[in-house]
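The account below begins within one chain and then moves to the contacts between chains.

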Amino acid sequence: MAQIKINNLSHSYQKNKQILKDLSLDIHDGELLSILGPSGCGKTTMLRLISGLLPMQEGSIIVAGGDISKVPVYKRNFGMVFQSYALFPHMTIFQNVAFGLKRKKLSKSEIFEKTLSILKTTGLLDLKDRMPNELSGGQQQRVSLARALAINPDVLLLDEPLSNLDAKLRIEMREEISRLQKKMKMTTIFVTHDQEECFAISDRVAVMNHGKIEQLDTPQNIFRHPKTKFVAAFVGYENFVPKQWAKEHNWRYNDIISGSQLTIRPEKIELGSNENILNGKVLVKNFLGNNYQYIVETELGRMKVDTQQENYEINDDIGLSFSEKSLIELEDGD
Amino acid sequence: MKKRAVLFLLPGLLLIFILLIYPVIRMFIPTFTGGQTIFSNYQSFFSSENNVQIIFRTLFIAVMTTLVTLGLGLPTAYWISRLSGRWRKIISIIVLFPILTNAVVRNFAWIMILGKNGVINNFLMKMHIISSPLTLLYTNLAIIIGAVYLFLPIMITSLVSSYTQLNSEIEEAAEVLGSRPIVVFFKIIIPQISVGIFTGSILVFVGALTAYTTPQLLGGNKNMVLATLLQQQSITLGDWTSASVIAIVLTVIAFITMIALNWVSKVIDRRNSHEIKN
Amino acid sequence: MKSKIRFSSIVGFIVLLLLILPLAMVVVTSFGTEATISFPIKGFTFEWYHNLFQQPDFVDGMKMSFIVAIIASCLALLVGIPAVYALTRFQIHRRNWFQNIFLSPALIPEIVIGFALYQTLVISFGLPLFISLLIGHFLLCLPYVIRLLTAGMLDLDKSIEEAAWMVGYNKVITFFKIVIPNIKQSIMAAFILSFINSFNNIPITLFMNGPSLNMLPTSILNYLENNYDPTVSAVSVILMIITAALMMIAEKYLGLNKLV
């Protein structure tokens, strides 16, 4: 259906504020690709460029072999789900979903049938005569998704669609998105700042920082083998160790990457008094439910440790130990 | 700027420039020419004792109107802001209705009340408190009463919206700490609604300063203000240069007060937010 | 706390009475039988309402004021809606300046506007009085339109327009199918407020009415200079009824807070 090739995309606001820097990205036909990054990293700008809501400055976007850089937004036939839902307040749910179909050359009965069918697929049939302000946030977002899918778009764009929902609805809604996306085999770009929700449903994830893609890979690979310090920090690696220091202490690691940093997740560190690799003093102790989190001051700075062990208190001198296999080498970012 | 933005703004901008700004500027120019120096027309305007008196009367009426509407508006608006539901709606309608009613009608009502055979004189005569009617109409007082009646609803509306945003917890906190209500009102409430006070005061002051109908109907020929003088010089006497001078004096006074009150309001507002930060 | 509320409610109550009583008196005097206005009235008659419709100045003035108010309000909306759309939706350098230019008719004293327009439009340009009057009232209405519509547009989520573009509607159709229906209330409120202010205006109208162009408020003003009979009360009552009717429309469809 639609493969997307993004070539050398650059974008800046005003003269000196560059948002995207020479960014290239291939999105496979039918895959769900997430763009993960903190606010201000350029992910929303990229999505708006793909959608056509923002005029392009440099680079090109090829969809299914055709250059769409100069195609106006209303002719692109992309579906988009907005963070604010953006339902038309003066139309019923049925009218909201049917609105896009009225632009297509379809008979009235075809529009009616198609709208009903998409309402059924998204579980909104009972709500079809309600007005948007009579719906809950989750229901509104469902309508927004139905409206985007109704026009049978070549590409589905999701702009932080879950961030206005509460925790429980978020999980429900992301599963709904994943189910519909797989069913319709639709090329989908999902923009988010939440690594958990994007790992759960994505085929691949592009981690963005300062207008560049730092790493593009499957969720599993990104989680297990973050490439840069930024990616590692973003997916929950809290502790960083200089390679030079590790070498001096005869730590074993693969040493195949040229970077200068190693990283380790907080739950991979054990606390104990013998066979220590690193000594420190407990600064903070927090109960997190499943485990405790200790922040330990060491000669390498503060290290975070997530553990079941609860018998250490603030100011206790303790030793940190971990399996050397848990250490991950990082490339130097810029 | 985008081409479309220009297209959307241009008709309005052109109309305003051709139909408002240009006529106003054109009106200004002759006041600076035709005399010996560029200020001749103004010198002769201000050298007339009568004109100076009219300026002071205009200012006096505007100041008094602002103060009286504030004095009556502050408690009234406080009361309205504490109401809710149906009563608040009914009272809002009562306050809004005069704003939307023709000024002639509103001033005419006061002619009825203040006139020689008006309601007040009739009543006082019947009660034998006075033997001959008092001169209430065609005085400065009548103009002030009329202007207060005209602008009080505007002051109340500005103050109500300010009071409604007021954080009542701060007020309660001050009372819990033992401040007397009157102290709380002046030290806690007034500073917080200063924006409403200034917005209301600007609207009332400038409105009273430039009002035509009220002084025309309630002031009579003896108690002229700048607006009625402007009308007399232009329409009745056809002296356009003098009328233009008056127009400029009126506009300048209105602008200066607007800018000054806006500035004071901003300074006070900044001071308030600063205090909260500390 | 209690004493403060008691004090303010007493003052508030008196203020409300002072606001209503004068207008109520006008209503009462319109039914009086005496040839000059007196209060309290003796007798009861509808004669003055009858007389009112015999006065060509009032009848024609009423018609003309209606026509001018409707045309001026529509013109202000026609010019104001695109301007407000541009001011709230496009990236505009020095947006505040443009905003202030559009609000400038409200900053210049009305009587000065009337005088300036009379000099330039009527005398220099030789425009007909009716056209000049319309222009004056258009300028009067424009700031109300700009203010109310700006508030309405700022309340409207920009994404709903983008959503309409995304499903295939171009910007022009989106404007009419999505934007206009959603700012309908602000448009109505702006129209009502413009209408009332144009209909009631005196300072601008003063300079541009004449024997051939009667406007109601200035006709009443002229009538009051020579007469003091309850006809004025009667016409005042008619004006109050119009105001009340417009307020009822506003309350029913918009909520009164839209007007302030």
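In this predicted model, chain A is divided into domain 1, residues 4-232, and domain 2, residues 239-330. The C-alpha centres of domain 1 of chain A and domain 2 of chain A lie 39 Å apart, and the contact between them involves seven residues of domain 1 of chain A and seven residues of domain 2 of chain A. About 550 Å² is buried between domain 1 of chain A and domain 2 of chain A, with carbon and sulfur atoms giving 68% of that area. On the side of domain 1 of chain A, the residues that lose the most area to domain 2 of chain A are Phe223(A), Pro226(A) and Lys229(A), which together account for 63% of what that side buries.

An annotation can be set beside this division. In an unreviewed entry, UniProt places the feature "domain: ABC transporter" at residues 4-235 of chain A. Within the model, residues 4-235 of chain A are 34% helix and 26% strand, and the end C-alpha atoms of the span lie 26 Å apart.

Chain B contains 13 helices and zero strands, and its elements, from the N terminus on, run α-α-α-α-α-α-α-α-α-α-α-α-α. Taken along the principal axes, the C-alpha atoms of chain B fill a box of roughly 75 × 70 × 35 Å. The unreviewed UniProt entry for this chain gives the feature "transmembrane region" at residues 7-25, 54-78, 90-115, 135-161, 182-212 and 243-264 of chain B. Two of these spans can be described from the model: residues 54-78 of chain B are 100% helix and 0% strand, with end C-alpha atoms 36 Å apart, while residues 90-115 of chain B are 88% helix and 0% strand, with end C-alpha atoms 31 Å apart. The UniProt annotation "domain: ABC transmembrane type-1", again from an unreviewed entry, covers residues 55-261 of chain B; that span is 81% helix and 0% strand, and its end C-alpha atoms lie 19 Å apart.

Chain C has a secondary structure of eleven helices and zero strands, which, read along the sequence, gives the pattern α-α-α-α-α-α-α-α-α-α-α. Its C-alpha trace spans about 70 × 65 × 30 Å along the principal axes. For chain C, an unreviewed UniProt entry carries the annotation "domain: ABC transmembrane type-1" over residues 62-250, a stretch that is 78% helix and 0% strand in the model and has end C-alpha atoms 22 Å apart.

Inside chain C, one helix pair can be examined in detail. Helix H3 (residues 56-89) of chain C packs against helix H10 (residues 216-226) of chain C at an angle of about 155°, with their axes 8 Å apart. Because an angle over 145 degrees counts as roughly antiparallel, H3(C) is roughly antiparallel to H10(C). Asp57(C), Phe58(C), Gly61(C), Met62(C) and Ser65(C) in H3(C) are the residues that meet Leu216(C), Pro217(C), Ser219(C), Ile220(C) and Tyr223(C) in H10(C). By class, this contact of H3(C) with H10(C) comprises six nonpolar, three polar and one charged residues.

How do the chains come together? Of the two pairs of chains in contact, chains B and C share the most contacts. One helix pair from these chains is formed by helix H1 (residues 3-32) of chain B and helix H5 (residues 110-124) of chain C, whose axes come within 8 Å and cross at roughly 90°. That angle makes H1(B) roughly perpendicular to H5(C). H1(B) contributes residues including Leu19(B), Tyr22(B), Pro23(B) and Met27(B), and H5(C) contributes residues including Ile113(C), Phe115(C), Leu117(C) and Leu121(C). The contact of H1(B) with H5(C) divides into twelve nonpolar, three polar and one charged residues.

Chain C also meets chain A, in a contact that takes 17 residues from chain C and 23 residues from chain A. Chain C and chain A bury about 1,800 Å² between them, 69% of it on carbon and sulfur atoms. Met166(C), Val167(C) and Tyr169(C) supply 37% of the area that chain C buries against chain A, more than any other three residues. Chain A and chain B, by contrast, do not touch, and their nearest C-alpha atoms are 12 Å apart.

Methods. Residues numbered from 1 in each chain as written. Chains lettered and ligands numbered in written order. Predicted model: local features only at pLDDT ≥ 70, side-chain atom pairs only at ≥ 80, totals over all residues. Heavy atoms only, no water. UniProt positions renumbered as here; feature names shortened; annotations may be inferred. Helix = DSSP H or I, 4+ residues; strand = E, 2+ residues; numbered from the N terminus. Axes fitted to C-alpha atoms, helices over the stretch in contact; angles between N-to-C directions. Parallel < 35°, antiparallel > 145°, perpendicular 65-115°, else oblique. Contact = heavy atoms within 4.5 Å. Nonpolar A, V, L, I, M, F, W, Y, C, P; charged D, E, K, R; others polar. Domains from an automatic or database assignment. Buried area = accessible area lost by both parts, 1.4 Å probe.
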